[in-house]
Every structure is written in C-alpha cells, then in structure tokens.
Amino acid sequence: MRHALLAAALLLGAAAQIEAQAQTLPPHRLLRVVLNADLQTLDPINTTAGVVQSHAHMVYDQLFGRDDQQRPQPQMVGAHSVSEDNLAWRFTLRDGLRFHDGAPVTAADVVASLRRWAARDPHGRQILAVTAALEADPDGHTVIWRLTRPYGPMLDALSKPAGNMPAIMPARIAATDPFTAIQDPTGSGPFTFERGEWVPGSRVVYRRNPDYVPRDEPASGTAGGKRVLVDRVEWLNIANAQTAALALIQGEVDYLETPGTDFLPMLQRRGMQVLRLNRLGFQGMIRMNHIHPPFSDARARQALLMLANQQEFLDAMFPDPSLVQVCHAFFVCGSPQESTAGVPPRVGEDPERARALLRESGYDGRPIVIMDPTDNPFMHAATLVLAQQMQRVGFRVDVQATDFATMATRRASRRPPGEGGWDIGLTFWNGLGASDPIGNVPMQASCERAWPGWPCDAVHQALIDAYPDATTEALRRQAIDRLQESAYRVVPYVPSGQWFLPVAVSPRLSGMLGMPGIVVLWNIAKTEGR
C-alpha cells in the first residue's frame with residue numbers, strides 16, 4: 001500500500017510539474033483543443049478513426065497533400081514525374097526533411113512507409129497489385145515506382161488526408177507488421193508528440209517542431225506551408241457538450257471540433273466563432289442487408305430509395321437548416337466526384353412508385369428488423385422517421401432499440417433477421433471517404449468480402465475495380481457517371497442526406513484551415529489577452 005501511495009504521489013507531482021511548465025508559456029503560445037473522441041492508438045495505418053488521422057497530421061508528413069479544393073499538391077516531394085506510358089513514377093524529396101530524432105528522411109524510409117500503408121489501404125492494395133517495383137534510387141532521395149499498368153488516381157492515393165493515411169515514418173518503424181500498431185510516433189511533421197505528457201482519456205500534448213521546414217507557399221488544407229504559430233497544443237478530452245461549450249466561453253479551451261448543435265446559438269451570442277470548415281460534411285446512409293429477403297431483391301432496395309425522403313430525415317436530425325443539404329450524389333455534393341447521372345425522377349418523393357416496386361419484389365409482409373441506435377440522437381431521430389416512411393407504403397417494421405456500439409457488432413452477423421440478424425441499420429460516413437470511388441467502402445459490391453450488408457453484383461464491382469484505369473479527367477468523369485448509374489440500379493445503400501457540423505473557436509484565433517475528416521492545427525494564430 002505504501003508503495004502504491006508513493007507511486008500515486010509521484011504521478012501527481014509529475015502532473016503538477018507538467019501543468020506548471022504549461023502555465024509558464026504566454027497564453028497566446030498555448031492552444032487547447034477538444035476533439036470529438038479520445039486518442040486510443042498512435043498508428044494511422046491500423047485504423048481509419050478521424051481522431052487518429054488528426055494526430056497523424058500533427059506528427060507526420062506525406063509525399064503529397066490536398067489543397068482545400070481536394071487537389072493533390074507536392075508536400076515532401078520537391079519534383080516528380082511520370083513516364084509517357086504512365087507506368088514509371090519518380091518522386092524526389094525536397095531539401096530539409098528530418099525526422100524528430102534528427103535523422104534525415106531518405107527514399108528508403110519512404111519505400112518502407114508506402115509498403116506498410118499499401119498493405120492496409122484500398123488504394124494501396126490496388127497499386128501493389130499492379131506494382132512491378134517500388135524502390136529507392138541509389139541517390140538516396142528519389143523513389144521509383146514502376147507499374148505493370150497505369151493507375152490513374154496515384155496522386156489522389158498518395159495525398160489521402162484521412163482513412164488509412166500514407167504517413168512517412170522512419171524505415172525502422174515502418175518495418176512493423178502493418179496489422180500490429182506502432183508504439184513510436186517519430187515522424188517528420190510540424191509537431192512532436194510528447195509521450196511523457198500523454199494521459200489516455202484526459203490529455204494529449206504536442207510541441208512545435210523547431211526543425212520543421214515548411215514549404216514556401218500559403219497553407220491550404222494539408223498542402224502548402226505548414227507554419228506552426230504556437231509552441232504547445234493540448235488535446236483535452238471533455239465528453240460533455242455543455243461542459244465543453246462553457247469551457248470555450250470561459251477561455252479555458254480555444255477550439256471545439258464538434259460543439260453540440262443545441263449550444264451553437266449560445267456560443268454565437270457570447271462572441272465565439274462558429275465556422276463551417278468541412279466542405280464535404282457527412283453523408284447519411286440507410287444500409288440494407290442484401291443477403292436476406294426482402295432486400296436480397298433489388299426492387300425492394302429501389303422501393304426504399306424512392307420512399308426515403310431526405311428532407312424529412314434532416315429536419316428531424318438538425319434544427320438549423322443551414323447545417324443540412326438534400327443530396328442525391330452517391331459521391332457527395334460539393335466534391336470533385338459529384339454527379340447527377342442515373343438519379344431517378346422524384347427520388348425519395350414517390351411513394352406510389354415505391355409501393356409498385358415493393359409488390360414486384362414479392363415482399364410477403366414479414367417484419368423488417370430496423371436497428372435503432374438510441375444513444376446517437378441524430379441516427380435515432382432518422383431511424384424513427386424511416387420507420388414511419390416505410391409503414392406508409394406497406395412495409396411492416398420492427399424497430400429494435402440498441403446502442404451504436406452494439407449495432408456495429410450486430411451488423412456483422414449474417415444470421416436471418418428473425419434469428420438475431422437484421423434488415424436495416426442507419427449510419428453515416430465522412431464526406432471525404434464517401435466521395436472516393438475506391439475508398440467509399442459501403443459502395444463495394446464484392447459479396448462476402450463487402451462491408452456488412454454484403455452487396456453482391458459483379459458488374460458494379462467491376463466498375464469500381466476499373467476506376468484506376470481512368471488516367472485523364474475526362475475518363476474519370478465518365479467512370480464516375482457510370483458507377484453512379486450502376487449504384488442507382490444496385491442500391492448498395494440509400495443516401496439519407498448530407499450535413500455539415502461546424503467547429504466553434506475562440507475569437508482570439510485566426511487562420512483556421514479546413515479539411516474533411518480531420519482537424520488541421522498549423523497556421524492558427526492566437527492573440528494575447530482574454
């Protein structure tokens with residue numbers, strides 16, 4: 001007991017010392033941020049969780065970044081080229097790149113990092129499948145990637161800001177099995193991770209990397225010059241939305257990634273900045289189980305498509321109409337992949353057509369099991385609206401209350417709905433991921449290998465697999481249109497609307513940058529005073 005008390009006292013003493021060190025900083029050199037989740041792992045390859053990808057952008061850099069228009073731009077790369085036949089890529093690193101331990105970034109580090117990333121990422125696996133060689137040039141600064149056939153979205157893949165991020169790390173760390181989480185977050189990015197100050201469930205601390213050399217360009221998204229204008233960043237875990245809002249008003253924190261929508265009017269009245277930085281927002285999805293009747297029949301899925309009124313969902317989910325948008329583009333409105341191809345007339349507003357399709361599908365009146373995640377206010381409200389809409393056209397529904405985590409577990413069950421399985425579950429996807437024809441996982445129709453719901457359509461999947469063959473903008477546009485037309489035939493899921501959750505920040509901050517799916521904290525300046 002005495003040893004335990006001594007250890008606790010030492011821990012408290014260390015925490016007090018750390019807090020005292022933070023207090024010695026001028027207030028305008030300290031940035032305190034509340035993200036939407038606690039940091040659980042340090043590995044950007046092992047998870048697609050947004051909070052981990054935000055962490056990764058603090059400590060790592062990428063060969064290419066994305067500007068605020070989602071266009072790939074050189075980041076760690078100083079020069080790059082591709083052969084006339086689009087089979088040989090050369091990437092030469094820019095000068096001044098060093099890891100946090102002082103070692104220079106070499107082409108060998110890049111090759112090891114890209115191989116580890118490619119083992120887990122949908123784009124990466126596709127590229128590896130057509131890779132003849134991925135190697136470091138003897139000059140130590142150039143990476144050569146030779147393909148057996150062209151891969152059109154190569155730069156889109158290397159600039160991915162979210163999902164499985166192609167972060168560049170030392171080769172010794174990148175040698176870690178891609179299915180084993182790394183423990184050493186040494187990168188070459190604009191911040192260093194302070195492991196000794198990390199308190200899981202409470203606080204994560206970063207410091208400005210004094211050796212980072214930003215590009216000589218304006219910052220834009222994850223591209224351009226990443227200039228850090230504070231000395232220390234603290235991520236604080238405050239789960240209660242009201243507590244977080246009050247902390248922002250009182251100047252105890254500076255930035256809320258996801259302020260509760262109920263508190264937005266209060267925050268604005270108290271002079272806080274409420275900003276819509278995520279241009280792509282989130283896409284709502286009604287996911288059907290394709291392996292059991294009635295949704296094993298495409299006509300039943302199409303009936304759901306024709307009855308699901310997005311405006312009714314959005315009105316129930318969010319009180320502020322400025323936060324929402326009706327959107328029938330599978331690859332998200334506002335993205336470079338937005339398309340109107342294949343959209344049926346009166347989609348979501350044609351109950352008569354829905355009734356006809358339901359009859360044609362042979363629906364026998366069996367109860368439709370809808371999982372209702374009651375702990376998520378947005379999804380719970382939308383689920384109740386969907387149940388009402390379905391009943392209007394002749395579906396019998398069985399709404400079963402659960403929580404979101406349990407729903408995610410149950411979703412993996414392939415058992416019949418009446419035996420503990422399911423028919424429908426509502427979810428949402430970040431707009432950046434949904435806008436990616438390859439990274440939009442629920443769009444896949446690869447049968448048993450598909451995301452739960454298990455769409456199975458060889459023609460549709462072939463269109464996804466062929467997308468990398470589109471090597472020009474015109475060919476990519478044609479491929480997107482064909483894929484969306486196919487999606488309206490297959491209906492892998494039903495889009496239920498698009499919404500945009502703003503951030504709330506102190507009036508003392510300026511220079512906030514936006515990038516869907518992550519939080520970007522360089523380029524932010526904080527004025528003195530309260």
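Let me start with Asn289, which is found in the loop between strand 13 and helix 9; helices here are DSSP runs of H or I with at least four residues, strands are DSSP runs of E with at least two, and both are numbered from the N terminus. Before I go on, please keep in mind that this is a predicted model, in which local features need pLDDT of at least 70 and side-chain atom pairs count only at pLDDT 80 or more, while totals for chains, interfaces and linings use all residues. Residues are numbered from 1 along each chain as its sequence is written, and side-chain values use heavy atoms, with hydrogens and water left out.

Is Asn289 buried or exposed? Asn289 is buried, with a relative accessible area of 0%, where buried means under 20% relative accessible area, exposed means over 50%, and partly exposed lies in between, with a 1.4 Å probe and protein chains only. Leaving aside neighbours within four places in sequence, Asn289 is in contact with Phe295, Ser296, Trp422, Asp423, Gly453 and Trp454, contact being heavy atoms within 4.5 Å. A polar atom of the Asn289 side chain also lies 3.1 Å from the backbone nitrogen of Ile291; a polar contact is a pair of N or O atoms within 3.5 Å, where within protein one must be able to donate a hydrogen and the other to accept it, and residues adjacent in sequence count only if both atoms are side-chain atoms.

Pro294 lies in that loop between strand 13 (282-288) and helix 9 as well, and the peptide bond from Pro293 to Pro294 is cis, with omega near 5°. As background, most residues other than glycine have a negative phi, and most peptide bonds are trans. Trp454, one of the contacts of Asn289, has a positive phi of about 55° although it is not a glycine. Trp454 sits in the loop between helix 14 (431-434) and helix 15, and at 5% relative accessibility Trp454 counts as buried. Gln70, in the loop between strand 2 (64-66) and strand 3 (72-74), has a positive phi too, near 65°, and is buried with a relative accessible area of 9%.

Now to the packing of helix 9. Two packed helices are described by the angle between their axes and the distance between the axes. The axes of helix 9 (residues 298-307) and helix 16 (residues 473-490) come within 8 Å and cross at roughly 105°; axes are lines fitted to C-alpha atoms, for helices over the stretch in contact, and angles run from 0 to 180 degrees between N-to-C directions. Helix 9 and helix 16 are therefore roughly perpendicular to each other, since angles of 65 to 115 degrees count as roughly perpendicular, under 35 as roughly parallel, over 145 as roughly antiparallel and the rest as oblique. In this pair, Ala298, Arg301, Gln302 and Leu305 of helix 9 meet Tyr488, Arg489 and Val490 of helix 16.

How is helix 9 placed against helix 11? Helix 9 and helix 11 (residues 351-360) pack at an angle of about 165°, with their axes 8 Å apart, which makes helix 9 roughly antiparallel to helix 11. From helix 9 the contact takes in Arg299, Gln302, Ala303, Met306 and Leu307, and from helix 11 Arg353, Ala354, Leu357, Leu358 and Glu360.

At the start of helix 4, a side-chain oxygen of Asp121 reaches to within 2.9 Å of the backbone nitrogen of His123, and the buried residues of helix 4 (residues 122-129) are Pro122, His123, Gly124, Gln126 and Ile127. The elements covering those buried residues include helix 3 (107-118), strand 6 (131-136), strand 7 (142-147), helix 5 (154-158) and helix 15 (458-466). Asp121 and His123 are also among the residues that Lys160 touches, and Lys160, at 9% relative accessibility, counts as buried.

In helix 7 (residues 241-249), the N-terminal end is capped by Asn240, with a side-chain oxygen 3.0 Å from the backbone nitrogen of Gln242. Ala244, Ala245, Ala247, Leu248 and Ile249 are buried in helix 7, and the buried residues of helix 7 pack against strand 11 (255-256), helix 8 (264-269) and strand 19 (503-505). After helix 7 comes Gly251, with a positive phi near 80°.
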